[in-house]
Amino acid sequence: MTDDVHFDALETRDPEAREAALMIALSAQVAHAKAHAPAYARLLADVDPSAVTSRETLAALPVTRKSVLRQLQQEDPPFGGFAGVAPGRLARIFVSPGPIYDADSGKAAFWHSARALYATGFRAGDIVQNCFAYHFTPAGMMFEAGAREIGCAVIPAGTGNTDLQAQVMAEAKPRGYVGTPDFLKVILEKGDETGADLRTLKLAHVSGGALFPALSTFYATRGIEVYQSYGTADLGVIAYETPAREGLVVDEAVLVEIVRPGTGDPVPAGEVGEVLVTTFSNEYPLLRFATGDMSAVLPGQSPCGRTNMRIKGWMGRADQTTKVKGMFVHPEQVAEVLKRHPEVGRGRLSVDNPDGADAMVLKVEAGGDLTGLAEAVAATLQSVTKLRGTVEVVAPGSLPNDGKVIEDLRAL
């Protein structure tokens, strides 16, 4: 660790140096995944790993989606062929809702959570009450690993048992809490009820739910600084908040892309899209893993001195699949329509039933000569979805930048 602000020098390195290092690691990871994970041996059969040395070549690789992962895990348990080692060589095998099996190598930085906790303010010698679940799911171990990497003592409190949580917090006097955003409030209110002195708690790192403004205000009145991170059980911590309070800084151990929902196509910087993550674990080498979450890249660098990419945080779900006249319409189908008409930009499909019958309207951004464009796009829409719809051509930049590809107005 280089100073009392940053976890190490990697966080503040020149962005070009980081990108160069990431691309070297990426090529090696693609080679490793192809050689050691049977699923990737199939998916990357025609890929030359030595040629995957840029974000452009990465974007040509297939996307791995959680729904597909679950199906493959059922066919080839427990990891569907995505593990880079035999399951018996792992330290732990977790089970998340689905169920989805998650691997843990047991290495200190496997879940890469230490940077997030360090940015929150946790330091060696702190006591941390970890209220993430330890049973089956990996969240408890994920953040314990990061706290231990920093040098903190961890109380493996887990979830529930509010009376004991408050008692332990009063007696063991932890400086920090790790858990979901709302459970700390429950513990603090139980302390108020029982007369427990919980004033030693000064820091909290939360994830796994929304940190609403009212909650932030509540904690501030108690003198508790709260920071949050974004991650998944499959990938570990992806990005985290810093004292700058300007978006979430992407962790040094992952490569993040933002793509159009339902596709693997990167969006322009600042446009809302789906978060894809590539990890660099030899034991569980996930490539272009689709989180199903929406976010966008923030311009510039964080005032905190960390120079990695920043994202806005969680901005909704990417799976906008809906059913029209008994047939599913998927975001990737909308993307295919747009791809067949390079003269158009973004598009947004609205579904409504004003007269009791489902109706689709696809709005597309385009300029210049628009003669016959709406009719041509409508024909493509019918060809791709097997459903009729109307097309409206709108001015470039007029559609909202919220990542929505399909808007179901019937539920409003």
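Helices (H or I, at least four residues) and strands (E, at least two) are DSSP runs, numbered from the N terminus. This is a predicted model, in which local features need pLDDT of at least 70 and side-chain atom pairs count only at pLDDT 80 or more, while totals for chains, interfaces and linings use all residues. Residues are numbered from 1 along each chain as its sequence is written, and side-chain values use heavy atoms, with hydrogens and water left out.

Two packed helices are described by the angle between their axes and the distance between the axes. Helix 8 (residues 183-194) packs against helix 9 (residues 213-221) at an angle of about 40°, and their axes are 11 Å apart; the axes are lines fitted to C-alpha atoms, for helices over the stretch in contact, and angles run from 0 to 180 degrees between N-to-C directions. That angle makes helix 8 oblique to helix 9, since angles under 35 degrees count as roughly parallel, over 145 as roughly antiparallel, 65 to 115 as roughly perpendicular and the rest as oblique. On the side of helix 8, L184, K185, L188 and E189 meet L215, F218 and Y219 of helix 9, where contact means heavy atoms within 4.5 Å.

The angle between helix 10 (residues 331-339) and helix 11 (residues 373-385) is about 140°, with 9 Å between their axes, which makes helix 10 oblique to helix 11. The crossing of these helices is right-handed. Here Q333, E336 and V337 in helix 10 meet V377, T380, L381, V384 and T385 in helix 11.

Turning to the sheets, nine strands form an open sheet of mixed pairing in the order 5-4-6-7-8-9-10-15-14, where two strands pair if DSSP finds at least two bridges between them. Its edge strands, strand 5 (153-156) and strand 14 (297-298), each pair on one side only. Helix 6 (residues 139-150) packs on this sheet, touching strands that include strand 4 (127-130) and strand 5, and its direction makes about 165° with that of strand 5. Within the sheet, strand 10 (residues 248-250) and strand 15 (residues 310-311) run antiparallel and are joined by two bridges, with L248 opposite I311 of strand 15.

Another open sheet has four strands in the order 1-13-12-11, again with mixed pairing, and its edges are strand 1 (64-65) and strand 11 (254-259). Strand 1 pairs with strand 13 (residues 289-295) in the parallel sense over two bridges, and T64 stands opposite F289 in strand 13.

Strand 18 (residues 347-352) and strand 19 (residues 359-365) run antiparallel, joined by six bridges, and D352 has A359 in strand 19 as its bridge partner. Their hairpin has six residues between the strands, among them G356, which takes a positive phi near 85°. Strand 19 also pairs with strand 20 (residues 390-394), in the parallel sense over five bridges, and K363 stands opposite E392 in strand 20.

The model has seven aromatic pairs, counted where the rings of Phe, Tyr and Trp (its six-membered ring) have centres within 6.5 Å; planes under 30 degrees apart count as stacked, over 60 as edge-to-face and the rest as tilted. The rings of Y40 and F82 have centres 5.0 Å apart and planes at 90°, so the pair is edge-to-face.

Notes: A crossing is left-handed if the near helix is turned anticlockwise from the far one by less than a right angle, and right-handed if clockwise.
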